[in-house]
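This report goes through selected parts of the structure shown below.

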Amino acid sequence: MTYKVLIVDDAEINLVLFEALLKRMGNCESASFSNAVAGLVSAQTEDYDLVIVDYMMPELNGVDFITQFRQTPGREDMPVLMITANDQKQVRYRALDAGATDFLTKPVDKIEFMARVKNMLQLGASRKVLADRAAWLAEEVRKATYQIKERERETVIRLSKAAEYRDPETGSHIVRMAHYSELIARGLGMPREECELLLEAAPMHDIGKVGITDSILLKPGRLTPEEFEAMKLHSVYGYDILKGSSSRVLQTGAAIALGHHEKFDGSGYPGGLKGEAIPIFSRIAAVADVFDALTSERPYKKAWSLERASEHIKASAGSHLDPQCVTTFFSQWESVCQIRQRFQDDEDAITIL
Ligand SMILES: [Fe+2]
Ligand SMILES: [Fe+2]
């Protein structure tokens with residue numbers, strides 16, 4: 001490996017001497033400047049393994065040189081050797097403060113010069129190896145985290161798929177509803193990670209329907225009051241299936257499953273929670289779920305027109321649904337239509353998800 005060394009010294013004779021010594025070391029290439037300002041520009045723009053700078057120079061002294069050099073991005077760790085006279089203790093202190101790595105004393109001893117340079121280059125090289133290793137490790141962690149997230153997403157999709165086997169609601173409903181939910185969350189100004197979390201967790205809202213008997217779940221007509229009571233349990237079943245997980249997505253899914261049939265005026269189930277006592281994700285999911293249920297065909301009903309469904313949702317603001325979530329939903333009507341268009345019933349929605 002060849003090292004690049006920069007020498008900045010106003011005395012030409014020193015430049016010649018240092019260049020000759022570096023050449024003798026066999027693995028160094030040097031660039032030298034007798035003008036400190038030009039040397040600084042080179043130090044700030046070129047990549048060197050070591051910078052050797054004299055203290056006493058007319059245009060810019062060594063301490064100011066080092067100060068400006070260290071302020072340049074990416075130059076924080078590059079080794080800098082400063083050349084001073086033996087009696088300049090105060091200068092050395094200031095140079096250390098400015099970021100000098102080590103010193104050479106005038107008159108420069110050849111053997112000491114080469115030994116110091118060799119040490120500095122080795123120090124820089126090991127620092128680079130460490131930095132590369134840190135970058136490699138960070139990249140590995142990023143990859144592993146991505147894989148974990150991917151697996152988590154797959155778990156959610158497979159869980160939702162299992163529920164879909166029994167649920168007459170289509171996979172597209174799950175996907176549309178999740179996207180509407182994310183849209184509302186974004187409209188409410190929630191942080192990006194929260195919006196993504198909602199998008200991933202919302203598909204599990206009805207997972208508890210796996211615990212509901214077919215005679216109720218697939219009944220084409222209206223449910224009797226007893227059947228409806230049994231049907232209501234799907235929110236608690238969903239919560240039971242998903243709760244207690246260490247995964248944030250599943251935890252969120254549990255909360256949404258439990259709360260998505262709560263109503264803003266307190267008349268919902270299972271908790272009869274009112275207003276802001278209902279977690280925000282559940283209030284959002286409720287708007288998305290009801291809108292998509294109304295505008296989709298089900299065994300017991302035809303799909304409502306967009307106008308009729310919109311009117312119904314608007315009329316439910318404050319009673320069934322959170323008014324703020326409803327307003328936010330309709331304020332992004334164009335995106336709502338795009339989601340509806342993008343995830344139509346005939347597509348394999350789970351794959352899209
Ligand atoms: Fe539900
Ligand atoms: Fe639903």
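## Met57

Apart from residues within four places in sequence, Met57 contacts Val8, Asp9, Asp10, Ala36 and Gly62. The model is a predicted one. Met57 sits in the loop between β3 (50-54) and α3. Its relative accessibility is 7%, so Met57 counts as buried, the limit being under 20%.

Met57 and Lys106 lie 49 residues apart along the chain, and their C-alpha atoms are separated by 14 Å.

## Met78

Met78 is found in the loop between α3 (62-70) and β4 (80-85). With 9% relative accessibility, Met78 counts as buried. Residues up to four places away in sequence left out, Met78 touches Asp47, Tyr48, Asp49, Val51, Phe69, Arg70 and Thr101.

From Met78 to Asp214 the separation is 136 residues in sequence and 71 Å in space, taken C-alpha to C-alpha.

## The site of iron ion (ligand 2)

Three residues coordinate the iron ion (ligand 2): His173 through NE2, His205 through NE2 and Asp289 through OD, at 2.2 to 2.3 Å. The pair His173 and His205 links distant parts of the chain, 32 residues apart: His173 belongs to helix α6 (residues 171-187), and His205 to the loop between α7 and α8 (214-217). Both His173 and His205 are buried.

The sequence spacing of the donor residues is H-x31-H-x83-D. The iron ion (ligand 2) and the iron ion (ligand 1) are separated by 4.9 Å.

## Helices α6 and α12

The axes of α6 and helix α12 (residues 280-294) come within 8 Å of each other, crossing at roughly 135°.

On the α6 side the contact involves His173, Arg176, Met177, Tyr180, Ser181, Ile184 and Ala185, which meet Ile284, Ala285, Val287, Ala288, Asp289, Phe291, Asp292 and Ala293 of α12. By class, the contact of α6 with α12 has 10 nonpolar, two polar and three charged residues. Two residues of this contact, His173 and Asp289, also coordinate the iron ion (ligand 2).

## Tyr180

Tyr180 is placed in helix α6 and is among the residues of α6 that meet α12. Its relative accessible area is 0%, so Tyr180 is buried.

Beyond residues up to four places away in sequence, Tyr180 touches Ala288, Phe291, Asp292, Phe329, Val336, Ile339 and Arg340. One of these, Ile339, is 159 residues from Tyr180 along the chain, with 7.4 Å between the two C-alpha atoms.

## Helices α7 and α11

Helix α7 (residues 192-201) and helix α11 (residues 248-259) have axes that come within 9 Å and cross at roughly 70°. That angle falls within the range of 65 to 115 degrees, which means that α7 is roughly perpendicular to α11. The crossing of α7 past α11 is right-handed.

From α7, the contact is made by Glu194, Leu197, Leu198, Glu200 and Ala201; from α11, by Arg248, Val249, Thr252, Gly253 and Ile256. The residues of this contact divide into five nonpolar, two polar and three charged.

How values were computed
Residues numbered from 1 in each chain as written. Chains lettered and ligands numbered in written order. Predicted model: local features only at pLDDT ≥ 70, side-chain atom pairs only at ≥ 80, totals over all residues. Heavy atoms only, no water. Axes fitted to C-alpha atoms, helices over the stretch in contact; angles between N-to-C directions. Helix = DSSP H or I, 4+ residues; strand = E, 2+ residues; numbered from the N terminus. Parallel < 35°, antiparallel > 145°, perpendicular 65-115°, else oblique. Left-handed = near helix turned anticlockwise from the far one by under 90°. Contact = heavy atoms within 4.5 Å. Nonpolar A, V, L, I, M, F, W, Y, C, P; charged D, E, K, R; others polar. Donors = N, O, S within 2.8 Å, 3.2 Å for Na, K, Ca; no water. Buried < 20%, exposed > 50% of the residue type's maximum accessible area, 1.4 Å probe, protein only.
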